[in-house]
Amino acid sequence: MARETILCYFCALTFCFLVRGRGACDAYNSTCDESAFLQHDSSFRGRHGTWALPRDWQTSRDIANISAFEPITWGKIEDTDVVLNFFTAVPVFGQDGNYIALLHNFNKGGGSQLRYLQTGELSLFCSGPGGSHRTKVRGLGNETNAAYKIYFVFLCDWPEEDKHLERFEVSLEDGQGKQLGVVVAEQKNGLLQQYHTAACLRDVWPGVSGLRQLPQWIEFQLLHGIDHILFYTVNIDSEILVDLYEPYIKSGVVTRVHLHQEREGAGSIQDIVVGDCLYRFKNHANWLLPSVDIDEYIHVKDGNLFGGGEVPDDYLGSSWDAIVKKQGLQPNTVRSISFGRYRFQLAQPGQVELSSVLREPQPAELCPKYVVNPILCDCLHVHWCTSWKTGTENLGLGADTLIAHEFRNPPHSYAIEKHIEANATDTSMQQYIPGLSRSLAARFQEETTHLLSRLSSVERIPLKTSTLIHPERLESDTDKELQVADPTTAAWIRSFSKVKGIVNTDPPAEHALHSAI
């Protein structure tokens with residue numbers, strides 16, 4: 001019995017050291033923080049019990065598992081092969097039409113494939129199994145002069161009676177009937193309902209603050225008017241991510257898309273997410289936040305947008321219609337609403353992010369974020385809509401109306417160059433801390449300060465252990481938002497950061513140079 005007891009104690013000590021780190025176990029004095037060990041066990045493995053990697057994890061709310069598509073050689077132009085490299089395929093049925101959307105990166109061919117389709121230099125047809133409902137492919141993505149187009153879309157019209165299917169095999173052929181290849185699109189019927197406001201959440205991996213920010217952000221969105229969140233996972237070697245998502249999966253308030261493929265650089269992941277996200281919600285949401293990150297919290301400053309002059313608790317869902325109404329417009333004429341960002345210091349470990357009150361004095365000279373009407377936009381950039389229905393407009397909001405609070409360290413390169421410090425005190429979102437803390441504690445059955453402290457201590461995952469990104473791309477992709485190649489866009493960003501009230505504005509115009517923002 002003594003031997004079994006010693007063995008059991010040794011196992012517990014080993015687990016405690018590996019999972020909790022040196023703060024929980026003192027091997028030299030042969031003591032272990034038993035309460036910390038039990039708390040970890042009850043709040044994660046004991047309650048959810050997966051310890052799976054995202055690539056192996058399967059849930060009842062998986063809407064699609066997207067693997068890399070094989071390149072398709074379409075034809076030749078001037079003895080050069082024209083190749084199609086679709087990065088996702090999404091079934092769409094409803095108000096916007098019935099079709100399969102095939103999304104293609106603009107940079108792979110410079111958008112020439114879309115031009116060949118629209119000019120008729122190359123013809124492309126699509127059909128279902130056995131050549132059924134053969135139709136000519138349509139293309140969208142270059143109708144405007146918006147800068148930094150990142151993808152275009154080919155549309156394959158599909159019979160409405162197939163909307164209940166969960167797998168669609170799209171056969172592509174050229175104008176002579178030659179079979180070129182097959183692209184598979186997936187959905188899971190009934191997972192997405194009708195929402196007023198939804199959001200998409202890009203991949204997250206353990207880093208300086210990512211894990212602790214993830215549950216805070218999700219909880220805050222759901223508390224304040226976001227009806228549903230579609231989150232994306234990638235092939236990254238992290239078990240704890242799964243256990244952070246699972247409580248939300250079980251509650252039915254989130255749905256998942258897994259990108260089962262390698263990607264060249266962190267930036268490209270968000271490009272994929274905003275495209276796939278838009279078409280997933282084409283007929284499921286009135287308003288959509290496609291690219292707001294987990295370190296960004298939207299704050300309404302102008303209570304006069306609402307009756308009674310006070311900002312309601314559900315403002316993340318109700319603000320957009322209120323803004324449109326204040327301008328005397330109809331929702332079907334406003335394609336998107338853009339807003340800037342204040343940059344705050346990160347909160348201390350163990351504290352909710354909103355507890356940080358020090359920010360830069362002025363709105364950051366960074367690209368805005370936005371909410372989009374999915375029906376009215378056909379292609380998105382991370383920071384604005386790039387293809388939209390004619391006759392629609394974008395509204396820009398000043399910091400006196402609505403702005404995002406971004407909690408991030410270290411300072412952005414522009415702040416370092418201009419000697420801008422986070423020395424202004426802003427307590428305007430402190431009112432939301434108690435509710436957020438209570439909601440997190442109830443969700444994870446763990447004191448919020450303990451939960452966030454533990455997540456802050458998780459080591460960053462080296463990318464060499466992940467199939468997500470090539471290791472040498474890590475540092476070069478972490479802070480490139482303002483690496484704008486043309487002065488026109490840089491001037492537009494500076495101008496937007498000084499907007500007051502609500503104005504009509506279009507995104508910056510195309511320039512000869514197209515470096516990704």
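Predicted model: local features only at pLDDT ≥ 70, side-chain atom pairs only at ≥ 80, totals over all residues.
Which residue's side chain does a polar contact join to the side chain of Glu406?

**Entry 1: Glu406**

I found that the side chain of Glu406 is joined to that of Arg341 by a polar contact of 3.4 Å. I then noted a polar contact between the side chains of Glu406 and Arg343, at 3.5 Å.

I next looked up the location of Glu406, which lies in strand β26, residues 402-407. I recorded a relative accessible area of 1% for Glu406. Buried means under 20%, so Glu406 is classed as buried.

I also listed the contacts of Glu406, leaving aside neighbours within four places in sequence. Besides Arg341 and Arg343, the list holds Asp295, Glu296, Tyr342, Phe344 and Leu366.

**Entry 2: helices α4 and α9**

I turned to helix α4, residues 210-223, and helix α9, residues 433-444. I noted that these helices pack at an angle of about 110°, and that their axes are 10 Å apart. Angles of 65 to 115 degrees count as roughly perpendicular, and α4 and α9 are therefore described in that way. I recorded their crossing as right-handed.

Which residues of α4 and α9 meet? From α4 I listed Pro215, Gln216, Glu219, Phe220, Leu222 and Leu223. Their partners in α9 are Gly435, Leu436, Ser439, Leu440, Arg443 and Phe444.

Conventions
Residues numbered from 1 in each chain as written. Heavy atoms only, no water. Axes fitted to C-alpha atoms, helices over the stretch in contact; angles between N-to-C directions. Helix = DSSP H or I, 4+ residues; strand = E, 2+ residues; numbered from the N terminus. Parallel < 35°, antiparallel > 145°, perpendicular 65-115°, else oblique. Left-handed = near helix turned anticlockwise from the far one by under 90°. Contact = heavy atoms within 4.5 Å. Buried < 20%, exposed > 50% of the residue type's maximum accessible area, 1.4 Å probe, protein only. Polar contact = N/O pair within 3.5 Å; in protein donor to acceptor, adjacent residues only side chain to side chain.
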